[in-house]
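Visitor: I have a model open. Please show me how to read a few of its features.

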Amino acid sequence: MTTDTLTVVRGRFTLVALLLPAVVILVAVVAQVLLLPAVPAVVATHWGWTGEPDGFAPAWTVPLVTAILGLGLPATLFGASVGGLRRGDHGFAYRLLGAVAFGLAVLIGGLGVATLGIQVGRTDADAALPVLLLPGVLLAAAAAGWIGWAVQPRVPWRPTPTMPAAEVPVRAGERVVWMQGVTLARGGAVVLWIAFAIGCLAVLPVVFFGDLVTAIISGLVVVVLFVVVATTLRFHVRVDPDGLTAVSAAGWPRVHVPTQDIVSAEVVQVSPFGEFGGWGIRWPGGGRQGVVLRAGEGLLVRRRDGRTLTVTVDDAATAAGLLSAYAALTPARRGD
C-alpha cells in the first residue's frame with residue numbers, strides 16, 4: 001500500500017470520526033443552550049412505550065449530557081484507532097468505527113435538541129413524545145453513518161505471512177511448561193478507562209435526578225463497563241501438555257485449546273483493529289477468535305475443525321514450537 005493511500009485513509013477517518021462529530025455536537029449544544037430559557041426548569045428526558053414521559057431531569061443536564069457523550073464517544077473511538085492508523089493499519093473495522101462515530105454524534109445531538117425542542121413554551125414536564133420524532137432522529141443518524149462510511153476509502157486488511165515456530169524438542173512423557181503474561185497496550189487501557197469515565201459521568205444526572213428504575217439500570221451499566229475494563233487489562237498465557245490456555249488476571253474469562261485439537265501453531269504479526277476490530281477477546285467471524293491486547297507478535301493456533309485462535313504474546317515462537325511438539329505426540333495426531 002502506498003504512503004498516499006494511507007494518508008488518505010487517516011485523513012478521511014479523522015474527518016468523519018472526530019471533526020464532523022465535533023461540529024455536529026457544537027451546533028447541537030449551542031441550540032440547546034438557546035432553548036433553555038424557553039423550557040421548564042425540569043424537563044422530561046425519557047418516555048415510555050405509550051409516549052408519556054416517565055423520566056425527568058433539570059433542563060441544564062440535557063446539553064451537559066449531549067456534550068459529554070457527543071464529544072466523548074467519538075473521541076474515544078478516534079483515540080482507540082489513531083495509533084493503529086499511524087502504524088499503517090487499515091481495514092473494515094477502521095472504516096466502520098469512523099461511520100459509527102459520525103452516526104453517534106448525529107444521534108446524540110439530535111436527541112438532545114429534540115428533547116428540549118418539544119418542550120418549548122411549556123410550564124410543566126408533561127410533553128408527550130411525537131410518534132415520528134425518534135424514527136426521524138434514527139434515520140438522520142443512519143444517514144450520517146452511511147455518509148461517514150462512503151467518504152472513507154475501501155482498503156481491506158490483508159494478513160501478513162505467518163512465521164515458523166521454534167524447534168522445541170520434547171520426548172513422550174516429558175512435561176515442559178511455557179508461561180507468559182501480556183498486558184493491554186497503554187493506549188487501549190487509556191481508551192477503556194476514558195470510556196468508563198464517560199459512562200459514569202453520563203449516568204450521574206440519571207442517578208441523582210431520574211426515577212429509581214432508570215437509576216438502577218444506569219448503575220448496572222456502569223458495573224458492566226467496569227467488569228469489561230478490569231477483565232481485559234492483563235492475561236496469563238500458558239502452554240503445557242494439556243494445550244494452550246489464556247486466562248484473564250481476574251480469573252475470567254478463560255480460553256483453552258486442548259492439545260488433541262491442535263493442527264498447527266505459528267507466529268504472526270497482529271493488528272488489533274485491522275484484523276479483530278479492537279482489543280480483548282474477539283470473534284471477528286469466519287471461525288476466528290482472538291485474545292488481542294496489543295499490536296505485534298502473536299501466536300496463531302489452528303484447530304482440527306478449521307477454527308483458529310490468535311493470542312498476542314511475547315516469545316510466540318517458543319510457544320508455537322512447544323505446542324507443535326505436544327500436538328505431534330498426541331494419539332489423535334499420530335493416528336492421522
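Guide: Here is a short tour, starting with the ground rules. This is a predicted model, where local features need pLDDT of at least 70, side-chain atom pairs count only at pLDDT 80 or more, and totals for chains, interfaces and linings use all residues. Residues are numbered from 1 along each chain as its sequence is written, and side-chain values use heavy atoms, without hydrogens and water.

Visitor: At what angle do helix α2 and helix α3 pack?

Guide: Two packed helices are described by the angle between their axes and the distance between the axes. Helix α2 (residues 61-86) packs on helix α3 (residues 92-117) at about 175°, with axes 9 Å apart. So α2 is roughly antiparallel to α3 (an angle over 145 degrees). Axes are lines fitted to C-alpha atoms over the stretch in contact, and angles run from 0 to 180 degrees between N-to-C directions. Helices are DSSP runs of H or I, at least four residues, and strands are runs of E, at least two.

Visitor: Which residues make the contact?

Guide: Contact means heavy atoms within 4.5 Å. Among them are L69, L73 and L77 of α2, and L97, L104 and I108 of α3.

Visitor: Where does P253 sit?

Guide: P253 is in the loop between β5 (243-248) and β6 (254-258). The peptide bond from W252 to P253 is cis, with omega near 5°.

Visitor: What is the phi of D315?

Guide: D315 has a positive phi, about 55°, although it is not a glycine. D315 lies in the loop between β11 (308-312) and α8 (316-329).

Technical notes:
Parallel < 35°, antiparallel > 145°, perpendicular 65-115°, else oblique.
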